[in-house]
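This briefing sets out the helix geometry, packing and overall dimensions of the structure shown below.

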Amino acid sequence: MPQRGRGSLARFGRRLVAVVVDWFLCDLIAAGFMGYRLGQGGLGSFKPLEVFVLMNLLLVGTLGSTIGHRLLGIRVVKVGGASAGPLLAAIRTVLLAVVIPAAIWDRDTRGLHDKIAGTVTVRI
């Protein structure tokens, strides 16, 4: 992979901002269409996570990036550079939703969820 520019590993800051943007959008969608309220307890508190999982499955599985990824100029690909596709996107999404694999990184700050799925987040 190149050290800089297009195709290089997306840095942690970009990925963090992208997930914050995505989570904010998921909160808005859950509030608008699923009756979610910020600070809601019980099972209702999982509504934004449901939207987040669906958004990642659909968008990463087909386009290679979520809305937050697109805004920050990054996308998810296979380690070799090809499109991740629906299966790898599903594996990555389930692990991302569990949170712990996403919080464990290697020296390149690549999350365990990406390593297990065989994906990498790169700059576009």
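Helix α1 (residues 12-34) has 23 residues, which at 1.5 Å a residue should span 33 Å; the distance of 31 Å between its end C-alpha atoms agrees with this. The expected span is 1.5 Å times one less than the number of residues. Helices (H or I, at least four residues) and strands (E, at least two) are DSSP runs, numbered from the N terminus.

**Basis of the model**
- The model is predicted: local features need pLDDT of at least 70, side-chain atom pairs count only at pLDDT 80 or more, and totals for chains, interfaces and linings use all residues.
- Residues are numbered from 1 along each chain as its sequence is written, and side-chain values use heavy atoms, with hydrogens and water left out.

**Helix α1**
- Arg15, Ala18, Asp22, Cys26, Asp27 and Ala30 are the buried residues of α1, buried being under 20% relative accessible area (1.4 Å probe, protein chains only).
- These buried residues pack against α2 (47-62), α3 (67-72), β1 (74-78) and β2 (119-123).

**Overall fold**
- The protein chain contains five helices and two strands, in the sequence pattern α-α-α-β-α-α-β.
- Its radius of gyration is 14 Å, close to the 14 Å from the globule rule for 124 residues, so the chain is as compact as a globular protein of that length; the radius is taken over C-alpha atoms, and the rule is 2.2 Å times the number of residues to the power 0.38.
- The C-alpha trace spans about 45 × 25 × 25 Å along its principal axes.
- Buried residues account for 38% of the 124 residues.

How values were computed:
Buried means under 20% relative accessible area, exposed over 50%, partly exposed in between (1.4 Å probe, protein chains only). Contact means heavy atoms within 4.5 Å.
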